[in-house]
Amino acid sequence: MTLTKDALANARIPEVHAIKSACSGCKSDAATPIELAFAFQPIVDVAAGRAYAHEALVRGPNGESAGSVLAQVDETNRYHFDQRCRSTAIAQAAALEMESLLSINFMPNAVYRPEACIRSTLEAAEMHGFPIERIIFETVEGENIISRPHLVDIFRAYKRFGFQTAIDDFGAGYSGLTLLADFQPDLIKLDMELVRGIDADSVRQRIVCGVLAMCRDLGIRVIAEGIETRGERDFFAANSVTLMQGYLFAKPAFKAVPRLGEAAFAAG
């Protein structure tokens, strides 16, 4: 359902003024805004032949690379950048009348108190009429991002608010299995280095099949990320993975919902 003003008002979020007095991120109000926009890349449900979600990928205002935007982020503006990314992604998705889920990358180091820092996201969802249950929050599981207990607290808070949660690049860092022991997200995205050429690599196949079995037992859906060939797609399809993302299906489209390539759904 769409978050209403009453629901927003009744959400268990501490008073804004009290939050700001305790949250160092909110104090950097003088931070210069970083100009940004988004490209969207589909996460495809190959069984249904449609987009399950679209990942919002940050770009410059005229389509400049993500690297050129992220290079401007530092400790003085990280909080406001993260908040602006969320609200802008929601606004653009709503303007495009996106019918799928929306996957937003967040910066754990920019989340000081989850219940406080989520307020602008709830307000953006209410303002643009975008249902919060159609928002996925994802972040990478690398060891240099944040302390694991704080990340777990963030994920748990987001789940309480009704958002879906995802771990990106699973298998690329060092804390993934330990993180799963403490929190089970709705989704994990396999790191593309495990996906690349998997149809011809028996070692990768054994590793990935072990991850798939574990996720089935834990009730976690798996997204195969970085699919570029039919062989990679067919390996995952044969192993009951239906959610996939990659250039085989569509490249990111700047300020647009990309059209899926029909050939990507052909059998064999």
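**View 1. Isoleucine 167 and its bridge partner in β6.** In this predicted model, isoleucine 167 has isoleucine 188 as its bridge partner in β6. The two strands here are β5 (residues 164-170) and β6, which run parallel and are joined by three bridges. Two strands count as paired if DSSP finds at least two bridges between them. Strands are DSSP runs of E with at least two residues, helices are runs of H or I with at least four residues, and both are numbered from the N terminus.

A note before you look further: residues are numbered from 1 along each chain as its sequence is written, and side-chain values use heavy atoms, with hydrogens and water left out. Local features need pLDDT of at least 70 and side-chain atom pairs count only at pLDDT 80 or more, while totals for chains, interfaces and linings use all residues.

**View 2. Strand β6 beside β7.** Isoleucine 188 also has a bridge partner in β7, namely valine 222. Four bridges pair β6 with β7 (residues 221-225) in the parallel sense.

**View 3. The two faces of β6.** In a regular strand, side chains alternate between the two faces of the sheet. Within β6 (residues 187-190), Leu187 and Lys189 lie on one side, Ile188 and Leu190 on the other, and all are buried. Buried means under 20% relative accessible area, exposed over 50%, and partly exposed in between (1.4 Å probe, protein chains only).

**View 4. Glutamate 97, with positive phi.** Look in the loop between α4 (78-95) and β3 (101-105) for glutamate 97. This non-glycine residue has a phi near 55 degrees, and glutamate 97 counts as exposed at 67% relative accessibility.
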